[in-house]
Amino acid sequence: MYIAASRTSDLAAGTDRKPALKRVSANVVALGVVSLVTDVSSEMVTAVLPLYLVLGLGLNPLQFGLLDGLYAGATAVVRVLGGHLADRWRRLKAVAGFGYGLSAVCKLGLIAAGSSVAAIGVVLAADRTGKGVRTAPRDALISLSSTPDTLGRSFGVHRALDTVGAFLGPLVAMAVLALSLGSYPSVFFTSFCVAAIAVLLLALFVRDHPGSVDRAAVSARAAFGLLKRSDFRRVTIWAALLGLVTVGDSFVYLVLQRRWEIAATFFPLLPLGTAGVYLVLAVPLGRLADRVGRWPVFLGGHVALCLALVLLCGPQAGIWLAVVALGLHGVFYAATDGVLMAAAGPLIPRDLRATGMAVVQTGQAVARMLSSVLFGLAWTLWDLRPAVLVAAVCLAAVALAAALAKPVRP
(Lines give C-alpha, C1' and ligand atoms only; values in the text may rest on other atoms or scores of the structure.)
Protein backbone atom coordinates (compact mmCIF):
# COMPACT_ATOMS: atom_id res chain seq x y z
CA MET A 1 0.00 0.00 0.00
CA TYR A 2 1.33 3.40 -0.88
CA ILE A 3 0.25 6.96 -0.20
CA ALA A 4 0.53 9.18 -3.26
CA ALA A 5 2.69 12.23 -2.70
CA SER A 6 0.88 14.01 -5.55
CA ARG A 7 -1.09 13.24 -8.70
CA THR A 8 -0.19 13.28 -12.35
CA SER A 9 -2.24 14.99 -15.01
CA ASP A 10 -2.66 14.84 -18.78
CA LEU A 11 -1.40 17.85 -20.67
CA ALA A 12 -3.85 17.41 -23.53
CA ALA A 13 -5.73 14.73 -25.40
CA GLY A 14 -3.43 12.38 -27.25
CA THR A 15 -0.31 13.28 -25.23
CA ASP A 16 1.59 10.88 -23.01
CA ARG A 17 0.84 10.93 -19.34
CA LYS A 18 3.60 12.43 -17.23
CA PRO A 19 5.61 9.88 -15.24
CA ALA A 20 4.02 9.29 -11.87
CA LEU A 21 5.58 11.38 -9.16
CA LYS A 22 7.38 9.39 -6.55
CA ARG A 23 5.33 7.89 -3.74
CA VAL A 24 5.91 7.56 -0.01
CA SER A 25 5.63 4.00 1.30
CA ALA A 26 3.00 2.91 3.80
CA ASN A 27 5.76 1.89 6.21
CA VAL A 28 6.94 5.51 6.35
CA VAL A 29 3.37 6.63 7.06
CA ALA A 30 3.00 3.99 9.80
CA LEU A 31 6.22 5.18 11.42
CA GLY A 32 4.92 8.72 11.14
CA VAL A 33 1.71 7.80 12.98
CA VAL A 34 3.74 6.11 15.74
CA SER A 35 5.85 9.26 16.05
CA LEU A 36 2.70 11.40 16.05
CA VAL A 37 1.25 9.57 19.05
CA THR A 38 4.65 9.46 20.79
CA ASP A 39 5.10 13.20 20.32
CA VAL A 40 1.70 13.90 21.86
CA SER A 41 3.05 12.10 24.92
CA SER A 42 6.51 13.67 24.99
CA GLU A 43 5.35 17.21 24.19
CA MET A 44 2.83 17.05 27.01
CA VAL A 45 5.81 16.81 29.34
CA THR A 46 8.08 19.15 27.38
CA ALA A 47 5.43 21.88 27.35
CA VAL A 48 5.15 22.10 31.14
CA LEU A 49 8.64 21.03 32.27
CA PRO A 50 10.61 24.30 31.71
CA LEU A 51 7.99 26.29 33.58
CA TYR A 52 7.82 23.70 36.34
CA LEU A 53 11.60 23.64 36.80
CA VAL A 54 12.31 27.38 36.51
CA LEU A 55 9.21 28.93 38.10
CA GLY A 56 8.01 26.01 40.22
CA LEU A 57 11.33 24.71 41.61
CA GLY A 58 13.25 27.99 41.20
CA LEU A 59 16.17 26.81 39.06
CA ASN A 60 18.44 29.56 37.68
CA PRO A 61 19.42 29.61 33.97
CA LEU A 62 22.70 27.76 34.58
CA GLN A 63 21.00 24.99 36.56
CA PHE A 64 18.31 24.71 33.93
CA GLY A 65 21.00 24.65 31.23
CA LEU A 66 22.67 21.71 32.95
CA LEU A 67 19.38 19.79 33.09
CA ASP A 68 18.50 20.77 29.52
CA GLY A 69 21.96 19.70 28.40
CA LEU A 70 21.51 16.37 30.17
CA TYR A 71 18.12 16.06 28.46
CA ALA A 72 19.69 16.66 25.05
CA GLY A 73 22.97 14.86 25.62
CA ALA A 74 21.83 11.67 27.33
CA THR A 75 20.88 10.31 23.93
CA ALA A 76 24.49 10.60 22.75
CA VAL A 77 25.62 7.76 25.00
CA VAL A 78 23.36 5.18 23.40
CA ARG A 79 22.62 6.39 19.86
CA VAL A 80 25.59 4.62 18.28
CA LEU A 81 25.04 1.51 20.41
CA GLY A 82 21.35 1.37 19.46
CA GLY A 83 22.10 1.86 15.77
CA HIS A 84 24.93 -0.68 15.84
CA LEU A 85 22.84 -3.36 17.55
CA ALA A 86 19.93 -2.76 15.17
CA ASP A 87 22.25 -3.23 12.18
CA ARG A 88 24.10 -6.21 13.64
CA TRP A 89 20.97 -8.08 14.73
CA ARG A 90 19.02 -6.76 11.74
CA ARG A 91 16.15 -6.02 14.11
CA LEU A 92 15.49 -2.36 13.47
CA LYS A 93 11.90 -2.53 14.66
CA ALA A 94 12.70 -4.40 17.87
CA VAL A 95 15.44 -1.98 18.93
CA ALA A 96 13.23 1.01 18.11
CA GLY A 97 10.38 -0.59 20.07
CA PHE A 98 12.59 -0.98 23.14
CA GLY A 99 13.41 2.73 22.96
CA TYR A 100 9.76 3.72 22.66
CA GLY A 101 8.86 1.47 25.59
CA LEU A 102 11.60 2.84 27.85
CA SER A 103 10.50 6.43 27.21
CA ALA A 104 6.89 5.48 28.00
CA VAL A 105 7.80 3.98 31.37
CA CYS A 106 9.82 7.08 32.26
CA LYS A 107 6.63 9.15 32.31
CA LEU A 108 5.66 7.18 35.42
CA GLY A 109 9.15 7.86 36.77
CA LEU A 110 8.43 11.59 36.71
CA ILE A 111 5.54 10.98 39.10
CA ALA A 112 7.78 9.00 41.43
CA ALA A 113 10.51 11.68 41.29
CA GLY A 114 8.26 14.31 42.86
CA SER A 115 10.06 17.64 43.41
CA SER A 116 13.56 16.14 43.63
CA VAL A 117 15.71 17.80 40.97
CA ALA A 118 18.26 14.97 41.08
CA ALA A 119 15.58 12.32 40.60
CA ILE A 120 14.02 14.31 37.77
CA GLY A 121 17.45 14.50 36.13
CA VAL A 122 17.83 10.70 36.30
CA VAL A 123 14.37 10.14 34.83
CA LEU A 124 14.99 12.66 32.03
CA ALA A 125 18.28 10.94 31.23
CA ALA A 126 16.52 7.57 31.02
CA ASP A 127 13.76 9.08 28.88
CA ARG A 128 16.30 10.54 26.45
CA THR A 129 18.16 7.21 26.47
CA GLY A 130 14.98 5.67 25.08
CA LYS A 131 14.85 8.34 22.42
CA GLY A 132 18.50 7.77 21.60
CA VAL A 133 17.99 4.02 21.20
CA ARG A 134 14.97 4.36 18.91
CA THR A 135 15.91 7.31 16.67
CA ALA A 136 18.58 5.76 14.45
CA PRO A 137 16.72 2.45 13.81
CA ARG A 138 13.54 4.41 13.06
CA ASP A 139 15.31 6.73 10.61
CA ALA A 140 17.04 3.73 9.04
CA LEU A 141 13.61 2.10 8.51
CA ILE A 142 12.43 5.29 6.80
CA SER A 143 15.52 5.35 4.61
CA LEU A 144 15.29 1.65 3.70
CA SER A 145 11.58 2.02 2.94
CA SER A 146 12.27 4.83 0.42
CA THR A 147 13.99 5.21 -2.92
CA PRO A 148 17.10 7.45 -3.04
CA ASP A 149 15.34 10.24 -4.92
CA THR A 150 12.40 10.40 -2.48
CA LEU A 151 14.35 10.45 0.79
CA GLY A 152 13.71 14.13 1.42
CA ARG A 153 9.99 13.71 0.81
CA SER A 154 9.77 10.57 2.96
CA PHE A 155 11.49 12.24 5.89
CA GLY A 156 9.33 15.31 5.31
CA VAL A 157 6.12 13.25 5.52
CA HIS A 158 7.35 11.49 8.65
CA ARG A 159 8.39 14.77 10.32
CA ALA A 160 5.08 16.37 9.36
CA LEU A 161 3.12 13.58 11.08
CA ASP A 162 5.54 13.77 14.00
CA THR A 163 4.82 17.50 14.25
CA VAL A 164 1.08 16.96 14.40
CA GLY A 165 1.80 15.23 17.70
CA ALA A 166 4.06 18.08 18.78
CA PHE A 167 1.19 20.46 18.01
CA LEU A 168 -1.40 18.45 19.92
CA GLY A 169 0.77 17.62 22.96
CA PRO A 170 0.74 21.09 24.61
CA LEU A 171 -3.02 21.38 24.01
CA VAL A 172 -3.62 18.03 25.71
CA ALA A 173 -1.31 19.06 28.56
CA MET A 174 -3.26 22.30 29.10
CA ALA A 175 -6.55 20.40 29.02
CA VAL A 176 -5.32 17.89 31.59
CA LEU A 177 -3.97 20.67 33.82
CA ALA A 178 -7.31 22.48 33.63
CA LEU A 179 -9.35 19.37 34.39
CA SER A 180 -7.02 18.26 37.20
CA LEU A 181 -6.75 21.76 38.75
CA GLY A 182 -3.04 22.11 37.99
CA SER A 183 -1.90 18.58 38.83
CA TYR A 184 1.42 17.83 37.10
CA PRO A 185 1.28 14.10 38.04
CA SER A 186 -1.99 13.90 36.08
CA VAL A 187 -0.17 15.24 33.02
CA PHE A 188 2.62 12.69 33.45
CA PHE A 189 0.22 9.75 33.87
CA THR A 190 -1.82 10.75 30.82
CA SER A 191 1.44 11.07 28.90
CA PHE A 192 2.33 7.49 29.86
CA CYS A 193 -1.01 6.17 28.60
CA VAL A 194 -0.57 7.90 25.25
CA ALA A 195 3.01 6.61 24.91
CA ALA A 196 1.82 3.04 25.57
CA ILE A 197 -0.62 3.36 22.65
CA ALA A 198 2.31 4.38 20.40
CA VAL A 199 4.24 1.24 21.35
CA LEU A 200 1.19 -0.88 20.47
CA LEU A 201 0.86 0.84 17.07
CA LEU A 202 4.52 0.15 16.32
CA ALA A 203 4.11 -3.54 17.13
CA LEU A 204 0.99 -3.92 14.97
CA PHE A 205 1.59 -1.80 11.88
CA VAL A 206 5.31 -1.14 11.26
CA ARG A 207 7.10 -3.59 8.97
CA ASP A 208 10.71 -4.50 9.72
CA HIS A 209 13.53 -4.84 7.18
CA PRO A 210 15.34 -7.92 8.50
CA GLY A 211 17.21 -9.10 5.40
CA SER A 212 20.57 -10.84 5.59
CA VAL A 213 23.63 -9.22 7.07
CA ASP A 214 27.35 -9.84 7.02
CA ARG A 215 28.15 -9.57 10.73
CA ALA A 216 31.81 -8.92 9.98
CA ALA A 217 30.75 -5.90 7.93
CA VAL A 218 28.68 -4.61 10.86
CA SER A 219 31.45 -4.78 13.45
CA ALA A 220 32.30 -1.90 15.79
CA ARG A 221 35.41 -1.29 13.70
CA ALA A 222 33.31 -0.97 10.56
CA ALA A 223 30.94 1.40 12.35
CA PHE A 224 33.65 3.85 13.36
CA GLY A 225 35.36 3.21 10.04
CA LEU A 226 32.54 5.20 8.47
CA LEU A 227 34.35 8.32 9.63
CA LYS A 228 37.18 7.43 7.27
CA ARG A 229 34.85 8.25 4.39
CA SER A 230 35.56 11.89 3.64
CA ASP A 231 32.02 12.81 2.56
CA PHE A 232 30.40 11.20 5.62
CA ARG A 233 33.03 12.67 7.94
CA ARG A 234 32.48 16.18 6.58
CA VAL A 235 28.72 15.97 7.11
CA THR A 236 29.14 14.62 10.66
CA ILE A 237 31.65 17.31 11.68
CA TRP A 238 29.73 20.24 10.22
CA ALA A 239 26.42 19.01 11.67
CA ALA A 240 28.08 18.83 15.10
CA LEU A 241 29.60 22.32 14.76
CA LEU A 242 26.23 23.75 13.83
CA GLY A 243 24.67 21.93 16.79
CA LEU A 244 27.25 23.54 19.07
CA VAL A 245 25.96 27.04 18.20
CA THR A 246 22.26 26.12 18.19
CA VAL A 247 20.14 27.48 21.05
CA GLY A 248 17.83 24.79 22.47
CA ASP A 249 14.05 24.93 22.21
CA SER A 250 13.44 25.39 25.93
CA PHE A 251 15.74 28.39 26.05
CA VAL A 252 14.01 29.94 23.03
CA TYR A 253 10.66 29.66 24.81
CA LEU A 254 12.06 30.95 28.09
CA VAL A 255 13.56 33.96 26.28
CA LEU A 256 10.19 34.66 24.70
CA GLN A 257 8.47 34.36 28.06
CA ARG A 258 10.94 36.70 29.78
CA ARG A 259 11.13 39.37 27.06
CA TRP A 260 7.40 39.55 26.38
CA GLU A 261 6.30 38.74 29.95
CA ILE A 262 4.00 35.97 28.77
CA ALA A 263 1.75 34.66 31.52
CA ALA A 264 2.62 31.23 32.90
CA THR A 265 -0.82 29.96 31.85
CA PHE A 266 0.02 30.49 28.18
CA PHE A 267 3.61 29.24 28.28
CA PRO A 268 2.70 25.70 27.07
CA LEU A 269 1.22 27.30 23.92
CA LEU A 270 4.57 28.68 22.72
CA PRO A 271 5.70 25.37 21.13
CA LEU A 272 2.52 25.42 19.05
CA GLY A 273 3.87 28.33 17.01
CA THR A 274 6.97 26.32 16.13
CA ALA A 275 5.00 23.12 15.53
CA GLY A 276 2.41 24.81 13.31
CA VAL A 277 5.00 26.22 10.91
CA TYR A 278 6.97 22.96 11.00
CA LEU A 279 3.82 21.01 10.12
CA VAL A 280 3.05 23.22 7.12
CA LEU A 281 6.60 23.32 5.73
CA ALA A 282 8.08 19.88 6.50
CA VAL A 283 6.89 18.18 3.30
CA PRO A 284 7.42 21.16 0.92
CA LEU A 285 10.96 21.72 2.22
CA GLY A 286 11.67 17.98 2.00
CA ARG A 287 10.60 18.01 -1.64
CA LEU A 288 12.65 21.18 -2.24
CA ALA A 289 15.68 19.46 -0.72
CA ASP A 290 15.25 16.54 -3.15
CA ARG A 291 15.27 18.99 -6.06
CA VAL A 292 17.82 21.69 -5.20
CA GLY A 293 20.07 19.88 -2.75
CA ARG A 294 19.72 18.87 0.89
CA TRP A 295 22.69 20.75 2.32
CA PRO A 296 21.56 24.21 1.07
CA VAL A 297 18.11 23.65 2.61
CA PHE A 298 19.74 22.43 5.83
CA LEU A 299 21.85 25.59 6.05
CA GLY A 300 18.85 27.73 5.17
CA GLY A 301 17.16 26.41 8.30
CA HIS A 302 20.06 27.63 10.43
CA VAL A 303 19.81 31.04 8.80
CA ALA A 304 16.15 31.13 9.88
CA LEU A 305 17.15 30.31 13.46
CA CYS A 306 19.80 33.05 13.38
CA LEU A 307 17.19 35.59 12.29
CA ALA A 308 14.89 34.41 15.09
CA LEU A 309 17.66 34.99 17.65
CA VAL A 310 18.29 38.48 16.27
CA LEU A 311 14.61 39.30 16.77
CA LEU A 312 14.71 37.90 20.30
CA CYS A 313 17.60 40.15 21.35
CA GLY A 314 16.66 43.21 19.27
CA PRO A 315 15.68 46.63 20.69
CA GLN A 316 12.01 46.22 19.74
CA ALA A 317 9.63 44.03 21.70
CA GLY A 318 6.36 44.12 19.77
CA ILE A 319 4.21 41.02 20.00
CA TRP A 320 4.42 40.57 16.23
CA LEU A 321 8.20 40.07 16.60
CA ALA A 322 7.51 37.18 18.98
CA VAL A 323 5.16 35.65 16.41
CA VAL A 324 7.73 36.02 13.61
CA ALA A 325 10.47 34.56 15.84
CA LEU A 326 8.33 31.50 16.56
CA GLY A 327 7.62 31.13 12.86
CA LEU A 328 11.32 31.26 12.01
CA HIS A 329 11.95 28.67 14.72
CA GLY A 330 9.47 26.41 12.94
CA VAL A 331 11.22 27.02 9.60
CA PHE A 332 14.49 25.99 11.25
CA TYR A 333 13.10 22.60 12.24
CA ALA A 334 11.29 21.99 8.96
CA ALA A 335 14.51 22.65 7.02
CA THR A 336 16.90 20.69 9.23
CA ASP A 337 15.36 17.81 11.19
CA GLY A 338 14.61 15.29 8.46
CA VAL A 339 16.72 16.96 5.78
CA LEU A 340 20.01 16.13 7.54
CA MET A 341 19.11 12.44 7.68
CA ALA A 342 18.09 12.56 4.01
CA ALA A 343 21.49 14.09 3.19
CA ALA A 344 23.45 11.55 5.24
CA GLY A 345 21.50 8.43 4.18
CA PRO A 346 22.98 8.00 0.67
CA LEU A 347 26.50 8.31 2.11
CA ILE A 348 26.07 5.22 4.32
CA PRO A 349 26.17 1.56 3.19
CA ARG A 350 22.84 -0.24 3.53
CA ASP A 351 24.11 -2.69 6.17
CA LEU A 352 25.34 0.21 8.33
CA ARG A 353 22.44 2.60 7.75
CA ALA A 354 21.21 2.77 11.36
CA THR A 355 24.76 2.93 12.74
CA GLY A 356 25.83 5.68 10.38
CA MET A 357 22.78 7.80 11.14
CA ALA A 358 23.43 7.27 14.84
CA VAL A 359 26.98 8.60 14.43
CA VAL A 360 25.65 11.81 12.86
CA GLN A 361 22.95 12.16 15.50
CA THR A 362 25.43 11.49 18.31
CA GLY A 363 27.68 14.31 17.12
CA GLN A 364 24.69 16.64 17.14
CA ALA A 365 23.47 15.46 20.56
CA VAL A 366 26.85 15.97 22.24
CA ALA A 367 27.21 19.39 20.61
CA ARG A 368 23.72 20.50 21.69
CA MET A 369 24.38 19.28 25.22
CA LEU A 370 27.43 21.56 25.39
CA SER A 371 25.45 24.35 23.74
CA SER A 372 22.76 24.25 26.45
CA VAL A 373 25.31 24.41 29.24
CA LEU A 374 27.26 27.24 27.59
CA PHE A 375 24.14 29.27 26.82
CA GLY A 376 22.87 28.81 30.38
CA LEU A 377 26.26 29.99 31.68
CA ALA A 378 26.26 32.99 29.31
CA TRP A 379 22.75 33.95 30.40
CA THR A 380 23.78 33.71 34.06
CA LEU A 381 26.96 35.78 33.59
CA TRP A 382 25.92 38.32 30.95
CA ASP A 383 22.14 38.47 31.23
CA LEU A 384 19.58 37.54 28.61
CA ARG A 385 20.07 39.80 25.57
CA PRO A 386 23.90 39.69 25.40
CA ALA A 387 23.80 35.88 25.62
CA VAL A 388 21.30 35.65 22.74
CA LEU A 389 23.29 38.14 20.63
CA VAL A 390 26.53 36.17 21.07
CA ALA A 391 24.69 32.95 20.14
CA ALA A 392 23.31 34.58 16.97
CA VAL A 393 26.76 35.83 15.90
CA CYS A 394 28.35 32.42 16.48
CA LEU A 395 25.59 30.65 14.56
CA ALA A 396 25.91 33.04 11.60
CA ALA A 397 29.70 32.53 11.48
CA VAL A 398 29.51 28.71 11.55
CA ALA A 399 26.66 28.62 8.99
CA LEU A 400 28.69 30.81 6.61
CA ALA A 401 31.74 28.57 7.04
CA ALA A 402 29.59 25.48 6.39
CA ALA A 403 28.21 27.07 3.22
CA LEU A 404 31.71 27.75 1.94
CA ALA A 405 32.95 24.26 2.87
CA LYS A 406 30.12 22.48 0.94
CA PRO A 407 30.53 19.12 2.73
CA VAL A 408 27.80 17.48 0.60
CA ARG A 409 28.76 17.49 -3.05
CA PRO A 410 26.00 17.73 -5.71
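Start by selecting L347, which sits in the loop between α12 and α13. Keep in mind as you go that this is a predicted model. Is L347 buried or exposed? Its relative accessibility is 17%, and the cut-off for buried is under 20%, so L347 counts as buried.

Setting aside neighbours within four places in sequence, L347 is in contact with R229, D231, F232 and V235. Pick F232 out of that group: 115 residues separate L347 and F232 in sequence, yet their C-alpha atoms are 6.0 Å apart in space.

Select residues 319–344 for α12 and residues 353–382 for α13. These two pack at an angle of about 140°, and their axes are 9 Å apart. That angle makes α12 oblique to α13. If you turn the view to check the handedness, the crossing of α12 and α13 is right-handed.

Which residues make the contact? On the α12 side, show F332, L340, M341 and A344. On the α13 side, show M357, V360, Q361, Q364 and R368. Colour them by class and you get six nonpolar, two polar and one charged across the contact of α12 with α13.

Stay on α12, but bring in another partner: helix α9, residues 249–260. The axes of α9 and α12 come within 11 Å and cross at roughly 175°. Angles over 145 degrees count as roughly antiparallel, so α9 is roughly antiparallel to α12.

From α9, take D249, V252, Y253, L256 and W260; from α12, take I319, L321, A322, L326, H329 and Y333. By class, the contact of α9 with α12 has nine nonpolar residues, one polar and one charged.

What does L256 touch? Not counting residues up to four places away in sequence, the list is E261, I262, L270, L312, A322 and L326.

Finally, zoom out to the core. The largest nonpolar core has 118 residues, and within it L256 and L312 touch the most other members. Those two are also in contact with each other. To see which helix gives the most to this core, select residues 26–56: that is α1, with 15 residues in the core. As a general background note, nonpolar side chains tend to be buried together in soluble globular proteins.

Definitions and conventions. Residues are numbered from 1 along each chain as its sequence is written. This is a predicted model: local features need pLDDT of at least 70, side-chain atom pairs count only at pLDDT 80 or more; totals for chains, interfaces and linings use all residues. Side-chain values use heavy atoms; hydrogens and water are left out. Axes are lines fitted to C-alpha atoms, for helices over the stretch in contact, and angles run from 0 to 180 degrees between N-to-C directions. Helices (H or I, at least four residues) and strands (E, at least two) are DSSP runs, numbered from the N terminus. Angles under 35 degrees count as roughly parallel, over 145 as roughly antiparallel, 65 to 115 as roughly perpendicular and the rest as oblique. A crossing is left-handed if the near helix is turned anticlockwise from the far one by less than a right angle, and right-handed if clockwise. Contact means heavy atoms within 4.5 Å. Ala, Val, Leu, Ile, Met, Phe, Trp, Tyr, Cys and Pro count as nonpolar, Asp, Glu, Lys and Arg as charged, and the others, Gly among them, as polar. A nonpolar core is a set of buried Ala, Val, Leu, Ile, Met, Phe, Trp, Tyr and Cys residues joined through side-chain atoms within 4.5 Å. Buried means under 20% relative accessible area, exposed over 50%, partly exposed in between (1.4 Å probe, protein chains only).
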